[in-house]
Amino acid sequence: MTIKIMDEEALQLYWSDLITMKEKGYPIDNAMFYVKYINDKPVGHICYKDMGKWYFIGNSYVKRKFRNLGIYNELMIKRNKDLKDKTKIAIVIPIEDSDVSRLEERISQRGYSKVNNFLDVYKTMPILFYMKVRKHNLWKLE
């Protein structure tokens, strides 16, 4: 069992039914992924993109039969430990049967706070990017 870091294009080579950032509705591309492997097969991922003053984070997924094994937590802890030098801003976009309130509860337990308006991120995120993403469910960790 190991964690590898790779870009989305490389991940697609090993994960044939990967739902891409664009397909999920994220407003960025070229993100990097922390990927959990079990028996040389990817079973979960979580991403980030260096945006200069801050990190965009989001787009996490664990395959159904590997859920409730702590893989999501392991990936998030590893990523956040590696990226502790800048504010992290997440967009929460649930897919499949994911409950948005459960996702919000999990992210708030990790110390993230809900972004309600531009004043919550003005020191970090440019106004033009905020205008592009403000309709999404935004969270930040400083």
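What follows is a short chat about a predicted model.

User: What's the strand order in the open sheet?
Analyst: The seven strands run β1-β2-β3-β4-β5-β7-β6, and the pairing is mixed.

User: Which strands stand at the edges?
Analyst: β1 (2–7) and β6 (113–114). Each has a single partner strand, so one side of each has no neighbour in the sheet.

User: How many bridges join β4 to β5?
Analyst: Five, between β4 (residues 54–62) and β5 (residues 87–92), and the two strands run parallel. In one of the pairs, F56 is bridged to I89 of β5.

User: What does α3 touch on the sheet?
Analyst: Helix α3 (residues 71–82) packs against β1, β2 (32–38), β3, β4, β5 and β7 (137–141). Its direction makes about 30 degrees with that of β3.

User: And α4? Which strands does that one touch?
Analyst: Helix α4 (residues 100–109) touches β5, β6 and β7, and its direction makes about 15 degrees with that of β7.

User: Switching to Y48. Buried or exposed?
Analyst: Y48 sits in β3 (residues 41–50). Its relative accessibility is 16%, so Y48 counts as buried, the cut-off being under 20%.

User: What is Y48 in contact with, leaving aside neighbours within four places in sequence?
Analyst: A31, M32, Y34, Y55, F56, I57, R79 and L83.

User: Now the surface. Which residues form the nonpolar patch?
Analyst: I127, L128 and M131, with about 310 Å² of accessible area together. L128 belongs to helix α5 (residues 127–133).

User: Why is L128 called exposed?
Analyst: Because its relative accessible area is 70%, and exposed means over 50%.

Key
Residues are numbered from 1 along each chain as its sequence is written. This is a predicted model: local features need pLDDT of at least 70, side-chain atom pairs count only at pLDDT 80 or more; totals for chains, interfaces and linings use all residues. Side-chain values use heavy atoms; hydrogens and water are left out. Patches are made of residues with over 30% relative accessible area and no salt bridge: like charges are joined within 9 Å, nonpolar side chains (Val, Leu, Ile, Met, Phe, Trp, Tyr) within 5 Å. Accessible areas come from the Shrake-Rupley method with a 1.4 Å probe; for residues, only the protein chains shown count as cover. A salt bridge is a side-chain nitrogen of Lys or Arg within 4 Å of a carboxyl oxygen of Asp or Glu. Helices (H or I, at least four residues) and strands (E, at least two) are DSSP runs, numbered from the N terminus. Buried means under 20% relative accessible area, exposed over 50%, partly exposed in between (1.4 Å probe, protein chains only). Contact means heavy atoms within 4.5 Å. Two strands pair if DSSP finds at least two bridges between them. Axes are lines fitted to C-alpha atoms, for helices over the stretch in contact, and angles run from 0 to 180 degrees between N-to-C directions.
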